[in-house]
Amino acid sequence: MLDPSDCPDMPVLRTQIDALDRELVQLLRRRAGYIDRAIEIKSEAGLPARIPDRVEDVVTKVRATAIEEDLDPDLIETLWRQLIDWSIAREAQQIDLD
């Protein structure tokens with residue numbers, strides 16, 4: 001990956017953004033793998049899909065990381081709450097089947 005300041009024009013910049021987007025999707029897929037494992041563990045332990053304290057812990061951590069990385073923590077929280085809601089829905093669907 002090039003540093004943004006090393007992108008001489010929009011086509012190169014767009015290529016870099018596209019590559020980064022692919023990496024982000026791959027990371028989200030890896031995260032989904034951990035959610036799949038959480039489904040197994042929660043099913044075996046009789047735990048619910050949504051654990052409110054854990055949700056807030058995750059949000060607190062990503063907000064802090066956003067601040068450290070000079071990103072808008074409100075944007076990051078919004079994105080993560082959407083991701084968390086998707087993950088919990090995925091868990092709940094599977095846990096309810098067991």
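This report describes the fold, core, pockets and selected residues of a predicted model.

## Basis of the model

The model is predicted, so local features need pLDDT of at least 70 and side-chain atom pairs count only at pLDDT 80 or more, while totals for chains, interfaces and linings use all residues. Residues are numbered from 1 along each chain as its sequence is written, and side-chain values use heavy atoms, with hydrogens and water left out.

## Overall fold

The protein chain has three helices and zero strands, and from the N terminus its elements run α-α-α. Helices (H or I, at least four residues) and strands (E, at least two) are DSSP runs, numbered from the N terminus. Helix α1 covers residues 10-45 and helix α2 covers 52-68; helix α3 covers residues 73-97.

The C-alpha trace spans about 55 × 25 × 15 Å along its principal axes. The radius of gyration of the protein chain is 17 Å, whereas a compact globule of 98 residues would have a value near 13 Å. This radius is taken over C-alpha atoms, and the globule rule is 2.2 Å times the number of residues to the power 0.38.

Of the 98 residues in the protein chain, 23% are buried. Buried means under 20% relative accessible area, exposed over 50%, and partly exposed in between (1.4 Å probe, protein chains only). Among contacts with a separation of 6 or more, 59% are between residues 24 or more positions apart. Contact means heavy atoms within 4.5 Å.

## Nonpolar core

The largest nonpolar core has eight residues, namely I39, A49, V55, V58, V59, I84, I88 and I95. Helices α2 and α3 each supply at least two residues of this core. A nonpolar core is a set of buried Ala, Val, Leu, Ile, Met, Phe, Trp, Tyr and Cys residues joined through side-chain atoms within 4.5 Å.

V59 touches E77, R81 and I84. I95, in helix α3, is in contact with I39, K42, S43, L47, P48 and A49. I95 counts as buried because its relative accessibility is 16%.

## Pockets

A pocket is defined on a 1 Å grid over the protein atoms alone, as an open set of points where a 1.4 Å probe fits, with protein on both sides within 12 Å along at least five of seven lines; lining residues have an atom within 4 Å of a point. Grid points are joined across faces, edges and corners, and a volume is the space filled by probe spheres set on the points. For lining classes, Ala, Val, Leu, Ile, Met, Phe, Trp, Tyr, Cys and Pro count as nonpolar, Asp, Glu, Lys and Arg as charged, and the others, Gly among them, as polar.

The largest pocket has a volume of about 530 Å³. Its lining has 14 residues, and L24, L27, L71, I76 and W80 lie nearest its centre. Helices α1, α2 and α3 are the elements that give two or more residues to this lining. By class, the lining has 10 nonpolar, one polar and three charged residues.

The second largest pocket has a volume of about 350 Å³. It is lined by 17 residues, of which R31, I35, R54, V58 and E91 are the closest to its centre. The elements giving two or more residues to this lining are α1, α2 and α3. The lining of the second largest pocket divides into 11 nonpolar, one polar and five charged residues.

## Selected residues

S87 is found in helix α3 and is buried because its relative accessible area is 4%. Leaving aside neighbours within four places in sequence, S87 is in contact with R31 and I35. R31 and I35 are also among the residues closest to the centre of the second largest pocket.

Q16 lies in helix α1 and is buried, with a relative accessible area of 15%. With neighbours within four places again left aside, Q16 is in contact with M1, L2 and C7.

E44 is in helix α1 and is exposed, at a relative accessible area of 68%. Its C-alpha atom is separated by 9.5 Å from that of I95, 51 residues apart along the chain. The C-alpha atoms of I95 and I41, 54 residues apart along the chain, are separated by 9.9 Å.

D70 sits in the loop between α2 and α3. D70 has a positive phi of about 60° although it is not a glycine, and at 70% relative accessibility D70 counts as exposed.
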